[in-house]
Amino acid sequence: MRAFVLSGGANLGPIQVGALRALLEASIFPDLLVGCSAGALNAGYFAREISPAQLDRLADVWRTVTLRDIYPEHRMGALWRLISGQDSFFSHQALYAFLQQHGTTPAHTFGTTAIPLYVTATHLHTGRLHVFGDNRSDRILDALMASTALTPLLPPWEVNGERYIDGGTVTPLPLRVALERGATEIYSLHILNANLPDAERSLVRGIAGLLTRSVDTMINLQAQHDLFLTKAEKKVKLHYIGLQPTKPLPPTDFSQFESLMAAGYTQTSEFLANRAPKHPSLRPPDLAQWHKESGEWLRRLRQPGPGWAAQLKLAADRIAAPPGWPKKREP
């Protein structure tokens with residue numbers, strides 16, 4: 001069973017749309033979807049219909065989103081919420097309305113998706129990972145609001161009396177969810193920060209910059225833990241695709257959707273082109289014959305008999321000098 005696991009990534013989310021398009025064009029389709037935070041938004045929309053047309057519609061959603069759709073208050077409003085003891089700098093009502101405007105309504109449950117969908121969030125009280133979707137009657141809208149409740153920017157989301165925050169708090173790349181639900185092949189779409197050292201050094205300044213860098217480091221360690229668990233599971237084939245923007249973007253910039261989608265498409269296409277193993281017939285014929293004959297000599301060595309010492313010397317000579325290699329000169 002093939003799973004697509006989509007990591008969190010905030011405003012870099014469009015890069016996964018390009019990656020998904022490249023996978024579909026290569027005739028690689030998922031049997032189940034797992035998403036966290038921004039990846040949950042992509043997975044939740046894509047799960048309605050697994051098709052290029054649905055990806056076109058998802059791309060249009062990213063083209064329309066603005067900062068005010070996520071963080072509606074101005075700075076003074078955010079300051080007032082802090083002073084008045086609110087749970088976050090911004091209200092979640094704008095995002096709630098935006099999701100419904102684009103088709104994710106309270107009527108949509110996990111039982112209405114084209115393939116199984118799982119969305120992760122963090123239980124605020126216990127700090128444990130919670131998976132929406134095991135109960136097919138769960139509302140997708142609740143799951144998306146919980147998975148994207150990045151505190152202290154957005155407040156926790158309450159479902160059935162329990163409060164949840166962003167799933168990336170536990171792990172931004174929930175590979176364990178796919179493993180626990182029987183996936184035997186996983187395509188991991190992991191959003192990474194732009195790898196431009198000089199530019200990054202100029203951005204990591206001040207309290208906000210240092211705090212962001214510290215949080216990113218802790219989150220990446222959690223992702224590495226899930227990658228370790230998956231690689232240790234020998235029966236699971238993991239295709240790890242790291243997705244990076246071509247330049248650093250501040251978290252408030254939602255205008256670079258086109259370049260992000262293009263980067264995701266290009267990077268995934270390159271991954272798929274380079275992953276194909278070389279065909280055995282490409283090995284030089286003389287070395288192929290050498291491996292075959294050496295294996296035969298080793299098999300004979302396990303059956304000691306007359307002349308076995310001579311066979312041992314001949315096998316050693318063949319291993320030291322395969323056919324076609326220059327012979328060692330005698331002194």
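Q: How many helices and strands does the protein have?

A: Helices (H or I, at least four residues) and strands (E, at least two) are DSSP runs, numbered from the N terminus. The protein has 13 helices and eight strands. This is a predicted model, in which local features need pLDDT of at least 70 and side-chain atom pairs count only at pLDDT 80 or more, while totals for chains, interfaces and linings use all residues. Residues are numbered from 1 along each chain as its sequence is written, and side-chain values use heavy atoms, with hydrogens and water left out.

Q: How many salt bridges does a search of the whole structure find?

A: Side chains of opposite charge can pair when their charged atoms come close. A salt bridge is a side-chain nitrogen of Lys or Arg within 4 Å of a carboxyl oxygen of Asp or Glu. The search finds eight salt bridges.

Q: Where do R63 and D60 lie?

A: Both are in helix α3 (residues 52-64), three residues apart, about one turn of the helix.

Q: Which parts does the pair of R181 and D134 tie together?

A: The closest N and O atoms of this salt bridge are 2.7 Å apart. R181 lies in the loop between α8 (175-180) and β7 (185-191), and D134 in the loop between β4 (129-132) and α7 (140-147), so the pair ties together parts 47 residues apart in sequence.

Q: Is D142 buried or exposed?

A: Buried means under 20% relative accessible area, exposed over 50%, and partly exposed in between (1.4 Å probe, protein chains only). D142 is buried, at 11%. Its salt-bridge partner R139 is partly exposed, at 30%.
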